Amino acid sequence: MSHTAHIPSHRKPRQSASKTALRAGVAGGVLSTIAVAGAAGPAQAEPVTQTIEMPTITAGLSTSVAASAQATQAVALDLETQAQEDAAAETAAKAAKKAKAEAVRKAEAKKKAEAAAKAKAEAAERASRTAERTTLSAASDSSSSSSSSSSSSSATGSAASVIAFAQSQIGDAYVSGGTGPNSWDCSGLVQAAFGSVGIDLPRVSQSQSTAGTQVSLDNLQPGDILYWGGAGSAYHVGIYVGGGEFVGAQNSSTGVVQKSLDYDPPSGAVRVL
């Protein structure tokens with residue numbers, strides 16, 4: 001290194017006079033404050049003889065947690081109780097609704113049964129009056145051979161049995177699809193009447209209207225099957241009992257009745273006996 005090279009100095013640079021004065025003033029102020037505080041304090045400080053115990057934070061915290069847990073448990077219990085009460089109320093409502101529906105059904109069934117019984121009684125009374133009129137008419141007109149040949153009393157053998165069966169059902173209720181023993185539809189009654197003498201007829205009126213030999217309405221005999229509508233497409237059937245009358249399960253209002261042909265003139269007739 002050259003003896004003329006510049007060697008940097010390691011000495012700190014001198015502080016300015018203003019900074020030095022400022023630091024001296026701050027230090028003096030702090031010392032003065034300490035001195036004043038010491039003079040204002042008691043001449044003698046008493047020694048510390050007790051240790052003050054700080055409150056335990058966890059004690060209050062555990063109490064709060066326990067109270068919160070109890071409150072949560074109480075809310076859960078209330079919710080469970082409410083759910084049970086709601087379920088019980090729903091079950092009771094369903095049971096009440098079912099009981100009400102059953103009561104309505106029974107009331108309607110009773111009403112229908114009473115109406116059917118009333119209709120049967122009225123039909124039986126009408127049949128009794130009709131039978132009385134027929135007996136009186138037969139007695140007063142016994143000399144007329146044509147009348148005796150067309151009356152129900154002239155029927156014999158199987159025809160008499162068929163007519164007797166049909167007349168014994170007078171007053172029964174009419175029920176669509178009914179086949180007895182206390183309710184019938186038109187073809188059900190005819191099928192059962194002929195079945196009583198061993199004759200197996202088709203079930204419906206359309207087939208029954210072609211089950212035998214077609215006969216003229218002017219040449220009817222007791223036991224002939226009367227039909228309303230076309231042969232093969234009949235919508236109603238009955239049994240001719242003689243005397244210009246027939247027995248049939250007419251409708252839900254009348255039930256099984258015995259009526260004059262004039263009451264509802266048939267379209268045709270077939271003979272199976």
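Residues 24 or more positions apart supply 57% of the contacts that span a separation of 6 or more in the protein, where contact means heavy atoms within 4.5 Å. The structure is a predicted model, in which local features need pLDDT of at least 70 and side-chain atom pairs count only at pLDDT 80 or more, while totals for chains, interfaces and linings use all residues. Numbering starts from 1 along each chain as its sequence is written, and side-chain values use heavy atoms, with hydrogens and water left out.

The protein contains six helices and eight strands; helices (H or I, at least four residues) and strands (E, at least two) are DSSP runs numbered from the N terminus. Along the sequence, these elements follow the pattern α-α-α-α-β-β-α-α-β-β-β-β-β-β. Of the 273 residues, 23% are buried, a label for a relative accessible area under 20%, with exposed meaning over 50% and partly exposed in between (1.4 Å probe, protein chains only). The protein exposes about 18400 Å², of which carbon and sulfur atoms supply 58%; accessible areas come from the Shrake-Rupley method with a 1.4 Å probe, and for residues only the protein chains shown count as cover.

Strands pair if DSSP finds at least two bridges between them. On this basis β4 runs antiparallel to strand β5 (residues 236-242), joined by four bridges, with Ile239 in β5 as the bridge partner of Ile225. The strand β4 also pairs with β8 in the antiparallel sense, over three bridges, and here Leu226 has Ala269 in β8 as its bridge partner.

Further along, β6 and strand β7 (residues 255-260) form an antiparallel pairing over six bridges. A hairpin of three residues joins β6 to β7, and Glu245 stands opposite Ser260 in β7.

Two aromatic pairs are found in the structure. Rings of Phe, Tyr and Trp (its six-membered ring) pair if their centres lie within 6.5 Å, and planes under 30 degrees apart count as stacked, over 60 as edge-to-face and the rest as tilted. Phe165 and Trp184 make an edge-to-face pair, 6.1 Å centre to centre with 80 degrees between the planes. This pair links distant parts of the chain, since Phe165 lies in helix α4 (residues 157-168) and Trp184 in strand β2 (residues 183-184), 19 residues apart. Phe165 is partly exposed, at 22% relative accessibility, whereas Trp184 is buried, at 3%. The pair of Trp228 and Phe246 is tilted, at 5.4 Å centre to centre and 55 degrees between the planes.

The charged end of Lys259 sits over the ring of Tyr263, 4.6 Å from its centre; the criterion is NZ of Lys or CZ of Arg within 6 Å of the ring centre and within 35 degrees of the ring normal.

Arg271 belongs to strand β8 (residues 268-271) and counts as buried because its relative accessibility is 18%. The side chain of Arg271 reaches the backbone oxygen of Asn219 at 2.8 Å. Beyond its neighbours within four places in sequence, Arg271 is in contact with several residues, including Gly212, Thr213, Leu220 and Asp224.

Notes
A polar contact is a pair of N or O atoms within 3.5 Å; within protein, one must be able to donate a hydrogen and the other to accept it, and residues adjacent in sequence count only if both atoms are side-chain atoms.
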